[in-house]
Amino acid sequence: MALTFFDAGRLARDLYAAARHDTGPGGRGAGISRVLAPLLPHDGLSLVATDPATGLGLGSFSFWHEYAPSLVTDLVMHRYRGGDPCRPAALAGLATPATVVGPPGEGPADPRVREILTANGAGSELRLLLQDRHGVWGALGLLRCAGACPFDRDDLQRAARIGPALVTALRRYVTEGPLFPVAPALPAGVVTVGPDHTIRAVSPQAREWLDRLSAPSGHAFPEWIPDAFLVALSLAARSRAHDADAWVPVVCVPPVVCGRWMTFQGQPLDADADGDVALVLQGAAGDLVMPSFCAWYGITPRERATLRELRTGAAVKQIARRLDLSPYTVNDHLKALFRKTGADGRDELIAALTR
C-alpha cells in the first residue's frame, strides 16, 4: 500500500489536534493512533518526544496506546543491560532511521527482543527515529499483535514518509503551550532507586512533582509511566558511570507537560554505580533550559547569543557592542525571537527563562 495521496501538512495538523485533545491518561495516545492507523495499521503506539539539545536519551514527554507496562519495562531493561541493537543511537546511523524487530529475517537479529515481544502478545514492532537537519526529536514505536501480518520494508518506507509530520506536530505541541511558567514552583525532590531496579524512596517534594505530571489538568501520563521512566533514568545513570560516552542522564521537560520547565537528573550514590541511584526532580530556568528552549523554538545561534545578553538586562546598544553587531541587527534578532516564541516583548521573553 503506497501513500499515493499524502498530505503531510494535514497529517501534522491532525496529529497536533489529537495530542492537544484533553481526553485523560492514554486518550491522547489513542487519538494519535487513530490518525496514523489508516496510513500504517498497528495495534499499539508509543510516541516519545525529546529534543536535539538533550540527545538520544529518554523522552521529555510521551503518548501511549496499548503498550503493556511489562513490555515497556522489559524493553527498557534490555536496552540498558543487553545493548539492544535497535536502540535510538543505532538507528541514528542509518540512511532511513527505522527498523522492524520481532519477526525472523527482519531488522538486526535480537532473540531477546523477540522473546520479550512474544511474552507480551506482540508479533513485531516498528521503530522510527524522528529526526531532521536539526537533530532528533523523538521516536515512534508501533506494535502488531502476534498472529497479525508483521511489519515489513514497505511499512518502513511509509513510516519514513510520516516522520516529518510527527516532528512538526511535536514541535507545535510544545511551542503552542505556555511560554512561561503557569504553575507555581515546587522545591526539588529526590527519588531513590535501588540496585534491584525498584523505587526505594520518594521524598514528599518528589511526590508533588510526580502528582503534577500525572494531573488531569496537565499532560496526564498513564499512571504507570512515571515509575517506568524513573527506573529507566536510573539505568541510564548506571550506564553513564561505566561509559563516559553514554547519554548524560538529564531530561528537560517543557511547560506544556506540567506548567513549567523542569529537569530530571540521575546520579549513582557510589563510585561503582552498584548501589542506589538518586534522581533529582526540580523546576528549572536559565542556563539549564536554554538549550532545549532554543531547540524547540528554532532559535539560531546568533539569536541565542542575543537572548543570552537580553537576560542580563542589557539594552540594545549594549548588546550590539558586546556582540560586535549593529543595533539594527540586534533589533532584527529580537523581532525574530518575539515572532518565534510569541512573546509580547522582552519582559515576557525573559520571564520564560527566569521564573
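View 1. Helix 3 (69-82), helix 4 (88-91) and helix 8 (225-242) each supply at least two residues of the lining of the largest pocket, where helices (H or I, at least four residues) and strands (E, at least two) are DSSP runs numbered from the N terminus. The model shown here and in every other view is a predicted one, in which local features need pLDDT of at least 70 and side-chain atom pairs count only at pLDDT 80 or more, while totals for chains, interfaces and linings use all residues. Residues are numbered from 1 along each chain as its sequence is written, and side-chain values use heavy atoms, with hydrogens and water left out. The space in the largest pocket comes to about 300 Å³, and among the 13 residues that line this pocket R79, Y80, R87, A246 and W247 are the closest to its centre. By class, the lining of the largest pocket has 7 nonpolar, 2 polar and 4 charged residues; Ala, Val, Leu, Ile, Met, Phe, Trp, Tyr, Cys and Pro count as nonpolar, Asp, Glu, Lys and Arg as charged, and the others, Gly among them, as polar. A pocket is an open set of points on a 1 Å grid over the protein atoms alone, with protein on both sides within 12 Å along at least five of seven lines, whereas a cavity is a set of points where a 1.4 Å probe fits but cannot get out, and lining residues have an atom within 4 Å of a point. Grid points are joined across faces, edges and corners, and a volume is the space filled by probe spheres set on the points.

**View 2. The second largest pocket is lined in part by helix 10 and helix 11.** About 230 Å³ of space lies in the second largest pocket, and of its 13 lining residues H134, C294, A295, G298 and I299 are the closest to the centre. Helix 10 (290-297) and helix 11 (301-310) each supply at least two residues of this lining, with helix 10 giving the most, 3 residues. The lining of the second largest pocket divides into 8 nonpolar, 3 polar and 2 charged residues.

View 3. S46 has its place in strand 1 (residues 44-49) and counts as buried at 8% relative accessibility, where buried means under 20% relative accessible area, exposed over 50%, and partly exposed in between (1.4 Å probe, protein chains only). Leaving aside its neighbours within four places in sequence, S46 is in contact with F63, W64, Y67, A139, L140 and G141, contact being defined as heavy atoms within 4.5 Å. S46 is also one of the residues nearest the centre of the largest cavity, together with V48, W64, V76 and R79, in a lining of 43 residues. The volume of the largest cavity is about 810 Å³, and its lining comprises 29 nonpolar, 9 polar and 5 charged residues.

**View 4. Salt bridges within a helix and between elements.** The structure holds 11 salt bridges, a salt bridge being a side-chain nitrogen of Lys or Arg within 4 Å of a carboxyl oxygen of Asp or Glu. In helix 1 (residues 8-20), D14 and R10 lie 4 residues apart, about one turn of the helix, and their side chains meet in a salt bridge (3.9 Å, N to O); D14 is partly exposed at 33% relative accessibility, whereas R10 is exposed at 53%. The side chains of D155 and R144 also meet in a salt bridge (3.3 Å, N to O). D155 lies in helix 6 (residues 153-175) and R144 in strand 5 (residues 135-145), so this pair ties together parts that are 11 residues apart in sequence. Both partners count as buried, D155 at 2% relative accessibility and R144 at 10%.

View 5. E309 and R322 meet through their side chains in a salt bridge (2.8 Å, N to O), a pair that links distant parts of the chain, with E309 in helix 11 and R322 in helix 12 (residues 316-323), 13 residues apart. E309 is buried, with a relative accessible area of 18%, and R322 is partly exposed, with a relative accessible area of 48%. Elsewhere, D84, E125 and R127 are linked in a network of salt bridges.
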